[in-house]
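Try each one yourself before reading the solution.

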Amino acid sequence: MPKKIAVIVYQDCSPEDCELGICAAVPACPRKLLNQEEAYEMPDPVPNMCLGCGLCIQSCPKKAIVLI
C-alpha cells in the first residue's frame, strides 16, 4: 500500500482566515514542504517529499488539507 500524502483542497483554502494571511500549515510542516510566496496567496505543497505526518492538517483552521 502506498504511503499517504497531504494535499490541499483549494476550494476550501482561505489564507485570509489565517493570521496576517500567512497559511498556518506552512510553519507546521517539519520538512517545510508547503510554500507560500506572499501573504494571502494559496500555499503550494511538494507532495513527493511528504511524510504523511498530518501536522499540517492539524494546523489548518479551514480543514483544507487532507491525506490521500
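**Exercise 1. Find the partner of Asp-17 in a salt bridge, and say how far apart the closest N and O atoms are.**

Step 1. Start with the rule: a salt bridge is a side-chain nitrogen of Lys or Arg within 4 Å of a carboxyl oxygen of Asp or Glu. Asp-17 pairs with Lys-62, and their closest N and O atoms are 3.2 Å apart.

Step 2. Asp-17 sits in the loop between strand S1 (6-8) and strand S2 (34-35), while Lys-62 is in the loop between helix H1 (55-59) and strand S4 (65-67), so the bridge links distant parts of the chain, 45 residues apart. Helices (H or I, at least four residues) and strands (E, at least two) are DSSP runs numbered from the N terminus.

Step 3. Check the surroundings. Buried means under 20% relative accessible area, exposed over 50%, and partly exposed in between (1.4 Å probe, protein chains only). Asp-17 comes out as partly exposed at 43%, and Lys-62 is partly exposed too, at 37%.

Step 4. Count: the structure holds one salt bridge.

A note on the source: this is a predicted model, where local features need pLDDT of at least 70 and side-chain atom pairs count only at pLDDT 80 or more, while totals for chains, interfaces and linings use all residues. Residues are numbered from 1 along each chain as its sequence is written, and side-chain values use heavy atoms, with hydrogens and water left out.

**Exercise 2. Is Gln-36 buried or exposed, and which backbone nitrogen does its side chain reach?**

Step 1. Gln-36 lies in the loop between S2 and strand S3 (44-45). Its relative accessible area is 17%, so Gln-36 is buried.

Step 2. Look for polar contacts (N or O pairs within 3.5 Å; within protein, one atom must be able to donate a hydrogen and the other to accept it, and residues adjacent in sequence count only if both atoms are side-chain atoms). The Gln-36 side chain reaches the backbone nitrogen of Cys-23 at 2.8 Å. A polar atom of that side chain also lies 2.6 Å from the backbone oxygen of Glu-41.

**Exercise 3. Where is Leu-20, and which residues does Leu-20 contact beyond its neighbours within four places in sequence?**

Step 1. Leu-20 is in the loop between S1 and S2. With 65% relative accessibility, Leu-20 counts as exposed.

Step 2. Leaving those neighbours aside, Leu-20 is in contact with Ala-39 and Tyr-40.

Step 3. Turn to Tyr-40, in the loop between S2 and S3. Tyr-40 counts as exposed, at 51% relative accessibility.

Step 4. Compare the backbones. Phi of Leu-20 is near 60 degrees, a positive value in a residue other than glycine. Phi of Tyr-40 is near 75 degrees, again a positive value in a residue other than glycine.

Step 5. For a sense of distance, take Tyr-10: Leu-20 and Tyr-10 are ten residues apart in sequence and 19 Å apart in space, C-alpha to C-alpha.

Notes
Contact means heavy atoms within 4.5 Å.
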